[in-house]
Amino acid sequence: MHGMDLNLPLSAIMTTDLIILRPGDSLKAASDAFRKNNIHHLPVVDLDGFLVGIFSKSDYLRLGNVWTSFQKNQDMEGSHFHANVTIGEVMTRELVKLSPTDSISMAVGIFRHKT
């Protein structure tokens, strides 16, 4: 983060135009979102707009690897599993949440501690 003022609020650098998923969306919806938007993380929000989880491209790929280990030579895409497993069943629920007014340095500290 060379040259960046770490005391700035997160609102100075955060994305606000988000592509989201709902807990009832299918793995196919996530796959389509990843493919169409070239993104790696999808926030999962409830009907009231509250963040309830996150689903990452690496989560999706990991599920695909598990699928192919059980279903030899079958791609997960197009399968009953792909169409019917919901994001709510596989999303990460344990989240660290920050406020737009929290500093960039606070976020950096959390990332360094968690990784």
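Good morning. The accessible surface of this chain comes to about 8,000 Å², and carbon and sulfur atoms account for 55% of that area. Please bear in mind that the model is predicted. Of the 115 residues in the chain, 29% are buried.

Let me turn to confidence. The mean pLDDT of the chain is 86, with 81% of the residues at 70 or more. Strand β1, residues 41-45, has the highest confidence at 97, whereas helix α3, residues 80-84, has the lowest, at a mean of 71. Where pLDDT is low, the predicted coordinates should not be read in detail.

As to the fold, the chain contains 5 helices and 2 strands. Read from the N terminus, the order of elements is α-β-β-α-α-α-α. Considering contacts between residues at least 6 apart in sequence, 57% of them link residues at least 24 apart.

One residue illustrates such a link. Leu-95 sits in the loop that runs between α4 (87-90) and α5 (104-114). Which residues does Leu-95 touch, leaving aside those up to four places away in sequence? They are Leu-51, Val-52, Gly-53 and Ile-54. Between Leu-95 and Val-52 there are 43 residues of sequence separation, yet their C-alpha atoms are 8.2 Å apart in space. Leu-95 counts as partly exposed because its relative accessibility is 27%.

Finally, the surface. Met-4, Leu-6 and Ile-13 form a nonpolar patch of about 220 Å². Met-4 belongs to the segment that precedes α1 (27-37). With a relative accessible area of 33%, Met-4 is partly exposed. Thank you for your attention.

Definitions and conventions
Residues are numbered from 1 along each chain as its sequence is written. This is a predicted model: local features need pLDDT of at least 70, side-chain atom pairs count only at pLDDT 80 or more; totals for chains, interfaces and linings use all residues. Side-chain values use heavy atoms; hydrogens and water are left out. Patches are made of residues with over 30% relative accessible area and no salt bridge: like charges are joined within 9 Å, nonpolar side chains (Val, Leu, Ile, Met, Phe, Trp, Tyr) within 5 Å. Accessible areas come from the Shrake-Rupley method with a 1.4 Å probe; for residues, only the protein chains shown count as cover. A salt bridge is a side-chain nitrogen of Lys or Arg within 4 Å of a carboxyl oxygen of Asp or Glu. Helices (H or I, at least four residues) and strands (E, at least two) are DSSP runs, numbered from the N terminus. Buried means under 20% relative accessible area, exposed over 50%, partly exposed in between (1.4 Å probe, protein chains only). pLDDT is the predictor's confidence in each residue, from 0 to 100. Contact means heavy atoms within 4.5 Å.
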